[in-house]
Amino acid sequence: MTDAAFKDIPELFEVDIGEALTARTESLATFRELGPPDLCHVVKSTGRTGQRDLGSFHYISGVDASSSASLAAYINSLTYSLEDNLAWFSKGPTWKVRNGCYCCFNAFSRVDVRVDVKIPGGVSAYVVDLRGERHEATSEIWQETYMSALLRAILYSDDPSYWIDAYRKLDPITSSEGEVRFLQAAEALFMKGWQVGSDPEIQVATVVSNHLTAGILKYFGGSGRWQQAANLFEKLSAREPEVASLLARSYLGMNEEVKAVQIMSNAIKHTPRSYTLLHVQSDFLRSKSKADWALKLVKEAVNCAPSEFVTWEKLTELYIEMKDYESALLTLNSCPMFTYNGRDAHRSIPTSRVHLPFKRQISDILPERQKPEDDEADPALLRLPGPRLQGTWARAYALLTRLVSEIGWDELLKTRSAVFVMEEEYRMQKAQADIRNVAVKQQLRREADSGVIHEDGTVSRRSESATLTADDDASIKGVRGSGGSKASELDGKAEEALSPSDSIPIIRVSTESDIERELAESGRATPNGKDIDGPASVITSPIVERPLTAAANEEAESSSAALQEAFSFTNKRLCERWLDNLFMVLYEDLRVWTIFRAEVAHFKTQHVAYRKTGLEWEILGDLGVRLHHKEEAKEAYQRCIETSRYSQKPWTKLLEMYAEEGDITRTVQAAIRAAAYQHADFTEMTYPTLIARCFFKLGEIHGHAKISFTLLSMGLSEPILKIMDSYLQYGKTFKVEGYDF
């Protein structure tokens, strides 16, 4: 069975032949947006009777899906990757590819395009719809399939959250002719772009906010070649005025500010309610230090698209920039949050064997894949909830961490208590309202009890009837007196039962409706979403103060009359439960980070080495990045790469940091390791990748020649040097800025 495996291509062997194709067909209806990577399934045979055929498959992106011939050519190329049996002393079975099937999802028409190849034999192409029925593939279907495959290759190229076994990534565009074809297809399908969906932060996909426009901007913006994008958007803006926002963004990327301002000025007259255009204008004004002007535009964008997260996010960023932290916190609380839907993926099926070939020439510079015995982490680090946030939740948390990095934790808690209703205030207000309601009911009951109905049907108070009948029976007076004492006794018991010290039922309050109505509709949670059945207590930490929802006890409540009079619900908002949860996530992050920095300082004063495992250093580096402690995060990543941990993340994070600093030598060193990790994981593409973007960023300043000479000076092996030179060759082929000096 070893000889049945491909030499340098990952693959998963099926238990039953065709199982992967069946699972994909059954999963077609679950694909929501771009769809999963392409699936290539092959059947291998020895041609001998009694020898069982084998079925295997792998995932792939970057293959030209413009026709059945190009997909059949890829399957045919696999026949040259089978292991050859070179043993002279034994003649084992010779495995050959008997047939293959290439599956590519069309995200526009929501169908799966498949090409069956028989070797030797013919090629047949067909379309499978969501019900599993077959149809003929038309030219329009092929154009949509080609664009869908390109968008997946571009957008999935360096997404760290999307990882599957046996996923091979190839370059989607390798020549200028291929790029021209991409632009032509994008122009033809642009108005259908909303059909392929959008990023999880966008609630409603539009003509200018979808995966198609995101792919175009990522492909051309990552290499700084905005001219090609501007030419495309120039043609499209004549048909669709909203495209002017993308056109203006492209000209700003080219540093053509005058032309961009003219485009924005003309476009705002035709599409005054385009929030994407308003955002481009506000970003331009912010770059010119005109935050007060930008604020008006961002507020208008919120009015134009109040249900979009990105408009509220932009407004929050601007308030933070203007140091209006209370408004920033209130705006963040108003952000609409969406359920996160990740990338489409295949349904996992049981496999008989996983084949991941080891590329010795590349992997020699990497540590062993086997996890070291000591590569464990403290449970407190593993339990941190911050890394699990995704979509709008992660973006909102990034805004919250930016707030705390600017004003500090204590000041953030003060700002929070100044703008939001805290539990203590809610308890006092609720108790007062209950007491007032009981008092009103008692007064009404007294008035009802004191009424006298006369024989003629008239009703008068007992005091009035007493003046008319002065010589009432003394026994009646006695009954009245005893009744009054019992009533006062009941009133006292009622007031005692409703005192604030007793437990108050939990309520759930919606922050988007009127506060008085919310208080009337009692449910099961406090405004901050915390249980108040039991007495609240202050939890203090010697390092970071815990964000409490209440700081009251019986003694405090009994002596807080002045506070009760000064407080009113009308000048505060109710904190959304998700934001209250993010405060707790931030507290956990800050607590762990503060303990870590205190330990580092202590060990330095004692002149003792501070030791952590590779996994712990990586988690602490991620924590530092989340909390905007860049230098400390960089130090943690540097300590991580000194260990024997097999992980690409610290190298890619350091690569970004070094490129931002303009350090060529360290950037190249980190890029070499990151490229080795990528190729070891079968990412054989050059662009768009993080390494290429970092090289092009340095190339704009120093030129590609200096990067090339730095690579030559490092004495790299031939395979590694060839990989690193491919990034510079891409720049030369597509004339990226800096390629000629």
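Helices, of type H or I and at least four residues long, and strands, of type E and at least two residues long, are DSSP runs numbered from the N terminus. On this basis, the secondary structure of the protein comes to 30 helices and 11 strands. The model described here is a predicted one.

## The protein as a whole

The protein has 741 residues, of which 49% count as buried.

## Aromatic pairs

A pair of aromatic rings is described by the distance of the centres and the angle of the planes. The count for this protein comes to 23 aromatic pairs. One of these pairs is formed by phenylalanine 596 and tyrosine 610, whose ring centres are 6.1 Å apart. Planes under 30 degrees apart count as stacked and planes over 60 as edge-to-face, with the rest called tilted. The planes of phenylalanine 596 and tyrosine 610 stand at 40°, so this pair is tilted. Phenylalanine 596 belongs to helix 23 (residues 577-605), while tyrosine 610 lies in the loop between helix 23 and helix 24 (614-626). The two residues are 14 residues apart, and the pair links distant parts of the chain. Both phenylalanine 596 and tyrosine 610 are buried.

A stacked pair is found between phenylalanine 696 and tyrosine 730, with 6.1 Å from centre to centre and 25° between the planes. This pair also links distant parts of the chain: phenylalanine 696 is in helix 28 (residues 690-702) and tyrosine 730 is in helix 30 (residues 718-733), 34 residues apart. Phenylalanine 696 has a relative accessible area of 1% and is therefore buried. Tyrosine 730 is buried as well, at 6%. Both residues belong to one aromatic cluster, formed by Phe182, Tyr219, Phe220, Tyr687, Phe696, Tyr730 and Phe734.

## Charges over rings

The charged end of lysine 44 sits over the ring of phenylalanine 6, at 3.9 Å from the ring centre. Likewise, the charged end of arginine 416 sits over the ring of phenylalanine 583, at 4.6 Å from its centre.

## One face of helix 29

An α-helix has 3.6 residues a turn, so residues three or four places apart point the same way. Helix 29 (residues 704-712) has His704, Ile707, Thr710 and Leu711 as its buried residues. Seen down the axis of helix 29, these buried residues fall within an arc of 120°, so they line one face of the helix. On the other side of helix 29, Phe709 and Leu712 are exposed. The buried residues pack against helix 27 (664-680), helix 28 and helix 30.

## Selected buried residues

A residue counts as buried when its relative accessible area is under 20%. The table lists residues that meet this condition.

| Residue | Relative accessible area | State |
|---|---|---|
| Histidine 279 | 9% | buried |
| Glutamate 313 | 8% | buried |
| Tryptophan 226 | 14% | buried |
| Cysteine 304 | 17% | buried |
| Cysteine 335 | 4% | buried |

Histidine 279 lies in helix 9 (residues 275-287). Apart from residues up to four places away in sequence, histidine 279 touches Ala301, Val310, Thr311 and Lys314. Histidine 279 and serine 245 are 34 residues apart in sequence, and their C-alpha atoms are 8.6 Å apart in space.

Glutamate 313 is part of helix 11 (residues 309-321). When neighbours within four places in sequence are left aside, glutamate 313 is in contact with Cys335, Arg395 and Leu399.

Tryptophan 226 has its place in helix 6 (residues 226-237). Not counting residues up to four places away in sequence, tryptophan 226 touches Leu217, Phe220, Gly221, Ser250, Gly253 and Met254. Among these, Gly253 is 27 residues away from tryptophan 226 along the chain, and the C-alpha atoms of the two are separated by 6.2 Å.

## Cysteines

A disulfide is a covalent bond between the sulfur atoms of two cysteines. How many disulfides does a search of the whole structure find? The search finds 0 disulfides. Cysteine 304, at 17% relative accessibility, is therefore listed as buried, and cysteine 335, at 4%, is listed likewise.

Note on methods: Residues numbered from 1 in each chain as written. Predicted model: local features only at pLDDT ≥ 70, side-chain atom pairs only at ≥ 80, totals over all residues. Heavy atoms only, no water. Phe/Tyr/Trp six-rings, centres within 6.5 Å; stacked < 30°, edge-to-face > 60°. Buried < 20%, exposed > 50% of the residue type's maximum accessible area, 1.4 Å probe, protein only. Lys NZ or Arg CZ within 6 Å of the ring centre and 35° of its normal. Contact = heavy atoms within 4.5 Å. Arc of directions from axis to C-beta. Disulfide = S-S within 2.5 Å.
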